[in-house]
Amino acid sequence: DRHENEEDVVYVTEMARCPGIRLIRLRGIKFMNYSMALGKLIHAGLEQYMSRLKDINFEVPVEKKVNCCGQEWRVKGRVDAIAVEDNREVILEFKYVNSMKVLVKAPLPEHATQIKIYGYLTGITDGYLIYLNANLFTAIPIKLNMTDEEFMKLLRRTVEPPFNPPPPSVCETCVFRMYCPLRPGVFNVPE
């Protein structure tokens with residue numbers, strides 16, 4: 001399983017969005033909803049279509065061991081695609097969005113953070129967030145310029161209590177919100 005319950009593992013998506021996602025994973029909660037299933041289907045279709053291109057690799061695993069808060073952590077993720085553009089590698093991160101309101105010109109902050117973490121882990125300096133829905137296909141170029149300090153701040157926020165919830169806009173779109181231990185007053189699965 002891609003998201004095992006190893007306590008020394010921190011996934012890129014957990015760092016980019018919210019420490020609550022890691023806490024949910026460590027409790028062993030797994031589920032799939034409509035948006036997640038549709039996203040997987042779109043990823044599969046894009047991979048099949050784009051695999052005809054030269055110099056592109058899909059679902060590229062990344063991992064880095066990092067010392068933080070007195071412990072060694074394995075930061076892991078899976079880059080949607082790494083392609084070659086103008087003789088340099090670029091990261092492609094695909095995002096399915098339910099609503100036209102989400103964006104047309106600017107990436108969601110958690111998506112920009114996610115691709116920047118991938119850049120940090122791979123050493124790749126350029127990427128594209130590719131947003132899709134029934135009415136939208138847009139590729140937003142992103143400079144992948146995360147510093148060591150920014151990376152460590154995100155890692156500490158994810159692994160070191162007290163854990164604070166992200167802004168409400170992140171919670172509103174999170175598929176895990178009903179299980180989140182960081183949101184008071186919601187249904188939480190007992191430990």
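Mentor: The dialogue below takes up the nonpolar cores, a helix, a hairpin, the cysteines and some backbone angles. Please bear in mind that this is a predicted model.

Trainee: Which residues have the most contacts inside the largest nonpolar core?

Mentor: In soluble globular proteins, nonpolar side chains tend to be buried together. Here the largest nonpolar core has 32 residues, and those with the most contacts inside it are M15, V75, I91, I117, L121, F151 and L155. At least two residues of this core come from each of α1 (12–17), β2 (56–68), β3 (71–85), α4 (109–122), β5 (126–133), β6 (136–143) and α5 (148–159). A second, separate core has 11 residues, including F58, A81, I130 and L132.

Trainee: What does I117 touch, leaving out residues up to four places away in sequence?

Mentor: The residues that I117 touches are V12, M15, A16, M146, F151 and L154.

Trainee: Is Q114 buried or exposed?

Mentor: Q114 lies in helix α4. Its relative accessibility is 6%, so Q114 counts as buried. Beyond its neighbours within four places in sequence, Q114 is in contact with V12, T13, A16, E93 and K95.

Trainee: Which residues of α3 are buried, and where do they lie around the axis?

Mentor: L38, G39, L46 and M50 are the buried residues of α3. Because they cover an arc of only 100° around the axis, they lie on the same side of α3. They pack against β2, β4 (88–96) and β5. On the other side of α3, Y34, L41 and Q48 are exposed.

Trainee: What is the pairing sense of β5 and β6, and over how many bridges do they pair?

Mentor: The two strands, β5 and β6, are antiparallel and pair over eight bridges. They form a hairpin with two residues between them. Within this pairing, L129 stands opposite I140 in β6.

Trainee: How many disulfides does the structure hold?

Mentor: The structure holds zero disulfides. For C69, the nearest cysteine sulfur is that of C68, 3.4 Å away, whereas a disulfide requires sulfur atoms within 2.5 Å. At 39% relative accessibility, C69 counts as partly exposed. C180 is likewise in no disulfide, and the nearest cysteine sulfur, that of C18, is 4.9 Å away. C180 has 6% relative accessibility and therefore counts as buried.

Trainee: Where is there a cis peptide bond, and which residues have a positive phi?

Mentor: The cis peptide bond joins P161 and P162, with omega about 0°. P162 is placed in the loop between α5 and α6 (168–173). As for phi, D86 has a value near 50° and N87 has a value near 65°; each is a positive value in a residue other than glycine. D86 is found in the loop between β3 and β4, and N87 is placed in that loop also. D86, at 67% relative accessibility, counts as exposed, and N87, at 78%, counts as exposed too.

Technical notes. Residues numbered from 1 in each chain as written. Predicted model: local features only at pLDDT ≥ 70, side-chain atom pairs only at ≥ 80, totals over all residues. Heavy atoms only, no water. Core = buried A, V, L, I, M, F, W, Y, C linked by side-chain atoms within 4.5 Å. Buried < 20%, exposed > 50% of the residue type's maximum accessible area, 1.4 Å probe, protein only. Helix = DSSP H or I, 4+ residues; strand = E, 2+ residues; numbered from the N terminus. Contact = heavy atoms within 4.5 Å. Arc of directions from axis to C-beta. Pairing = 2+ DSSP bridges.
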